[in-house]
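Please look over the sequence and the model shown here before reading on. The briefing that follows takes up a few topics in turn, so that each can be checked against the picture.

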Amino acid sequence: MRRTKTIAAAVVSLSLLAAACTSATKKATSSSAANNPSGSVSTQPGSTAKASHKQGGTVTIVNVQGQTWSCQFNPFNPAVYAESLGFVYEPLVFVNLLNNAAETPMLASSYTWGPDKKSITFTIRDGVKWSDGQPFSADDVAFTFNLMKRVPATDLYSLWTGAGLQTVTATGNKVLLSFAKPAQPYFWYFADQVGIVPQHIWTTAAVAAHPDTWADANPVGTGPFKVSPCGPNNIQYVANPNYWQAGKPYIQKIVYPGYLDNGPGNRDLASGKGQWGSQFIPNIKQFYLSKSPDNHTWSPPVTNVEIFPNLDPSHPQTSKLAVRQAISMAIDRNKVSQIGEDGQQPPANQTGIILPTFNMYYDASAVAAAGYDKPNVDKAKSLMASAGYSPSNPLKLTIITITGYTDWDASLAVIKQNLASIGIDLTVQDLAQQTFNSRLYTGDFDLAYYGEPTSGPSPYYELRQILYSKNTAPIGKSASTNYERYINPAVDALFDQYPSADSATQVSLIKQIGQAMLNDVPIIPTTESVDWFQYNTKDIAGWPTPADPYAQPAAFNFPDAGQVLLHLYSKSAQ
Amino acid sequence: MRYVVRRLGFFALTLWVALTLNFFIPRFMPGNPLDALRARTHDRLSPAALEQMLTSYGFKPHQNIFVQYLEYLRNMFTGHWGISIGATLGEPVSTIVWQALPWTLGLVGVTTVLAFLLGSLIGVVAAWRRGGRLDSVLPPVFVVTSALPYFWVGLMLILVFSVWTHGWLPSDFNYDPDLLPEFSLGFIENVLKHAVLPAATILIASIGAWILTMRNNMITTLAEDYVRMGRAKGLSNSRIMTDYAARNAMLPNLSGFAMSLGFVITGSILVEYVFNYPGLGYQLYNAVQNTDYPLMQALFMLFTVAVLVALLVCDFAIAWLDPRVRATGSR
Amino acid sequence: MSSEPEFEIRDLDVAYTASDGPLLEVRDLRVEYATAGGLVRAVDGVDMKVHKGEFVAVVGESGCGKSTLLFAIARLLSPSAVITGGSVAFRGQNLVTMTDKELNALRWRDYSVVMQSAMNALNPVTTIGAQFKDSIEAHAKWSVAQTAQRCVEVMKLVGIDPIHLNSYPHQLSGGMRQRAMIAMALLFTPDLVIMDEPTSGLDVVAQRLLMVQIKELQQKLGFAVIFVTHDMSLVSHFSDQLLVMYAGQVVEIGPTRAVFDSPSHPYSRGLLDAFPSIRGPRVELTGIAGSPPDLSNPPDGCRFHPRCAFAMAACFTEPPPLYRVGPALSRCHLNAHEPAELPGVPREHPGIAETMRT
Amino acid sequence: MTGLLVDTSGRAATRRRGSGLTAAIRRSRKAQVGLVILLVFCIVAVVPGLFTSVRHPNALQFTPRLGPSGEHWLGTTSLGQDIWAQLVYGTRQSLVIAVVAGLFATVLSVLVGVTAAYLGGLPDDVLSMITSVFLVIPTFPLIIIFATYAGKSTLIVVLIVLVVTGWSYGANQMRAQMLSLRNREFLESARVRGERRTYIIFAEALPTMTSLIVAIFLGAALYSLLTAAGLQFIGLGDPDSSSWGTMLYWSESQSALQTGMPLWSIAPGLCVALLGVSFALINYAFDEISNPALRPVRRRHVKRARVRNT
């Protein structure tokens, strides 16, 4: 995540990153699809919003784009879907990452898993209308999923190819998705991430021809807001009068300026001109919080930022376990967090389990036993010695990172110092994004500093990406996500058991995987990247808080942004 | 005639070289749009789907590069600039360009020309009042300003007029985001307010050179016999200054102007960058950062064309002012 | 003589004023340059007279101050040069004390200037005609027709096809340019035409032709000429008076013939030796070794003594005055027997000199 | 980068040897000021250790965000580096970039320009065509593209980019100048004497153009300085390197201006400007040297009215 304007894409990626995490941790104890065949759930949508409120008020979102708006809202276009999903298009079920997996039925009032979780049946909500007045039906849902089959470019989560989705059929108010294999891990993809689009519009000639590249300038959805109007500098949303949740949304207007740079965005936040912030603010105490008692911030951690060591034998030093262990032990993660991330991103741990978000999967004792609970320079030194290195005879290593990710540069400056003390002479090499990517993908590095962005309802998702051997490739070939080239059949087996396992087993599986992380140190997590969130309570109330984390708070999370907007209300309007 | 042909040939060549460089440099450097998109979507989306999408947007990596090159040249001239495959994935390049162009023309174009004319004028007056107060103060001052980095001047202006004065003048954007473009006094005022600082930056950073060169040319010209002749003939000062001195002194300055346009664009890109001014420079910068070939190519071509057009204008101006050029076509 | 009524009227009144005293009287003129090296007195107390219709030649090596003298008289010095003393009386009016406005009233109508190398003296970016026109417009309110007619007349006068009024300087040959310059100088048939080496840059033959033409025009139109050249032989047959300058001073002045026949100043003699024959190739000043002194600190005594073959004791200490030698005056101790009395010309003006430096 | 524009109108007229320059510099106050500034920076660049006790300016060894104090003259960065120390250590690279790039660019300009003018004919056409092409192609976009994709922009890459894009302006001037000299009598005489071409060019022609060549160098150096700073400022430099441009990049990315650390971006910018100014001043002085008309005139107040016509 980029603190500087220098790469607009990075800002987009910021939103995508967090978007990747908008899904719930399923706790074995919670009412989860896993052990409750008849689906969940509290029948009152937006369950956590107790009282209802009068309508009125405007919210201004500050979330740097680094680009002027293209005013396209195609929910299948990754460059713009964060502005349409949740605002205009809605998922079947909203799954909350932060609040014990509370599921909020949206376009599906409920669902039922079939045997072995190889199929799932959604019951589609009645009385929902598209914003153009047309009635919404199960056919729209079926159409949306089948569209992804017809136009592979729109199957962003490879449901049809990867997840083994085979048929999607609508009968009455029910939609049946059947898969070739247990699909539970994919639930949050197809239930939470996919926005349902109106068949009657997406079948018109123009759209049907190229649904993937269609601009969709005036999106018609079931969501709480409609776009009107959109310009390069600003998207304005107004409340959807036909919205299916009576009396909602309370907020009648959203102003979403296309900030080109953090600077102006931060200034507008500090001045209260913008109430909903979703970006990094350097020196936030002085620059934001001190400016007004109404300014608050809460940025929950979601994924790891880590060092990828190259495990391929062609890289003798980094494929040496002792060296990796030494590095992990030498790094003072608190200092990295404090100096590199301005204390706004918490330190990570060697298991790669995000804390506190995934607390239940974390085995503190195991970490302590392995000696990764706190920096241990002496142990690290001895490990290096065993590998034949010492401060007098240092090991020269180069770590690649991305130019302009200045917080990472700063973090690496700290790490460089840490490692110097144990006899590793670290050279930081800043690469242009493009160069970095190709070198990361093809395994052309000793060490790479990178934020593995993909998460999911449990650590399974992030860890699987990093550790599953099917996600890697030989040096020189482009690996999809397992860049360090970690191949461990035992760990693969753990991942393979996960989908069909029950929740309790899933937890233990994750713990075992965490243990593997401690044993093999395939990657070295340093900090936990967070969901940037600042909010102003002068006029607007109903924000997600640590006490009431009803959705991921940053505006770039979809469909969570929709949830937040359904909770917000204007004090002055009451 | 030969002169005209030469010039046209030169323009064609320049354009071709520029376009070619611009086509091959990115392609022979590491990274490609798909990787860039994968990185932006942080690998959570299926690469297959993304490649599909890029392809539907007209990205054909597997095509023979030479074929691509020819196609690219044709498209550049036929105005088929394609669709952005960068951060603005899916937005037609022409849309982006047309949105950005007026702002760049309005800010950079106008300010640059203004700086040149104003600078030349001041230079003329300073030289004419040789040894006068103006002439003793100006040169040192503008020697200094002409050596300042554009972007830093911008930063300082932001610091003084925006940060220290708590947003007395806006330090970014072309107009307040929450405004809608319209032909209202309020909007125009807002636009102007946003243009003040960047314009001032360009003016401050560029005018010095014009003043100095013009002053120097002017002084050299004033020593010419024909100027003395003008005095001998008892012509009015204004007549001598304009028809005899300035008109001759202007010639080298004009060609200097033409020559330095490339540098002017450099400065302006940085200015747009510093002020987040959504003009061509800013877009180009983003395009490069996002491996957005189509956008990059269109913008770079525009910049080159802009310079060439300006060059052409200068040529005309010079030919109009200087009969010797008209006659022989060589200066 | 022009058929324009204006000219007849003017000529009358010229005749009237000119009847009492010389057309131009220069007295103790001093010009100083401010250079990085300090003050340089380029013209140091020059006296001269020019009568109506007279042809006065000013000769000397380059750097002896003759051009400066010329520009001082015409009040065309460049900013770094300043007249620090003396007077230039033109028809009784002191040009030195005139404002630009007053000067512009006289310029071109009453006295005009022809400069060396017309290529530089003509504005390269406008046509000859345009440059004629603006000089006319600056001084007279003539109809377009009158203006055009006059331009054609003067062109014919100097023997150039009027078609060239539409030409730009670079389109004419060197000789034509010089003629055009002269034509321009005659637009108002002034009383005095100041010429600064108008023939330089032309080949010897062209020089002769031009000289002849100038002489003819002068006789025809009756204007006086101050003619500056470093080529003594050139003027021998044309000038009435000869004024030899050295190091910013007049070293010899007198009727041309007299000076030519018996130059009484060693420097004049040197200049003559320098040009053995008119058509012969130009050679270095064999007559005089060395080069003119640095005027920022001229030699004591006679300024010429470092180069003078006849230098004697006095020459090293005693600045020689002008001595009368027959019809001429010579600034050389060799001629010490009879001191000059050029009436009304004081040797020194300390008072003025003082005021000049304040 | 219009600071590049140097006036050469006067230069064609003068034939001056290097020795004349030094003499003239002694007379020009502008040149002296410029040279002093340059000298100071050179000293700092050579022995930065003299000016700060900090040895590792980029190490994060102090409390972040300290204001100016006796300890830290300009305070510390939000990463805990001493700004003054960074400034001092940054001098070297900035200076090296300016001088080295300027030097190579100048050599290239002289070679191309002189050759073109001297050979004339087809070679001239080709060379001057190339020159003008390089001249008008908007280089900065190219530089951005190049620097971005060249991966880590090491000093070398930056230098190459600067030289490649910086030579054309000077070459153009050299050519014009050489053309004007071509038929000067002293070259003619050399030709008549039957001297070798190379001899004529290097022994006869070039010395007369010292002032122009110096000016071209100064122009190129200025261009390199400013462009490099610009590149580093937008993050195309090497963020680990110590240079003023890099400092500006960091201060910008850490929003120094907004978070009350203006010195962090004022100071390095000021240094860039100062160095630039020193080049510009020297260059300007050279204009005056080679073109005496440009020298400031001491107005001498002569009351014409007091010259009585007695």
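**Chain A in outline**

In this predicted model, 63% of the 574 residues of chain A count as buried.

**An open sheet in chain A**

- Five strands of chain A make up an open sheet with mixed pairing, and their order across the sheet is β15-β14-β16-β13-β17.
- The edges are formed by β15 (424-431) and β17 (524-530) of chain A, each of which pairs on one side only, while the twist from one strand to the next averages 25 degrees.
- Strand β13 (residues 301-309) of chain A is paired with β17(A) in the antiparallel sense, over six bridges, and within β17(A) the residue A:I524 is the bridge partner of A:I307.
- Packed on the sheet is helix α14 (residues 433-442) of chain A, which touches β14 (395-402), β15 and β16 (447-450) of chain A, and whose direction makes about 120 degrees with that of β14(A).

**A single residue in chain A**

- The residue A:Q512 is found in helix α17 (residues 503-520) of chain A.
- Because A:Q512 has 17 C-beta neighbours inside 10 Å, this residue counts as partly exposed.
- Although A:Q512 and A:D363 are 149 residues apart along the chain, their C-alpha atoms are separated by 9.5 Å.

**A helix in chain D**

- Helix α10 (residues 210-233) of chain D has 24 residues, which at 1.5 Å a residue should span 34 Å, and this agrees with its end C-alpha atoms, since they are 34 Å apart.
- This helix, α10(D), is mostly covered, with 24 of its 24 residues buried.
- After α10(D) comes D:G235, a residue whose phi is positive, near 90 degrees.

**Where chain B meets chain D**

- On the two sides of this interface, 60 residues of chain B are in contact with 55 residues of chain D.
- Several elements of chain B give two or more residues to the side that touches chain D, including α1 (2-28), α8 (185-222) and α12 (293-321) of chain B, but α10(B) gives the most to that side, with 14 residues.
- By type, the residues on the side of chain B that touches chain D divide into 42 nonpolar, 17 polar and one charged.

Terms used. Residues numbered from 1 in each chain as written. Chains lettered and ligands numbered in written order. Predicted model: local features only at pLDDT ≥ 70, side-chain atom pairs only at ≥ 80, totals over all residues. Contact = placed C-beta atoms within 7 Å. Helix = DSSP H or I, 4+ residues; strand = E, 2+ residues; numbered from the N terminus. Nonpolar A, V, L, I, M, F, W, Y, C, P; charged D, E, K, R; others polar. Buried ≥ 20, exposed ≤ 12 C-beta atoms within 10 Å, placed from the backbone. Expected span 1.5 Å × (residues − 1). Pairing = 2+ DSSP bridges. Axes fitted to C-alpha atoms, helices over the stretch in contact; angles between N-to-C directions.
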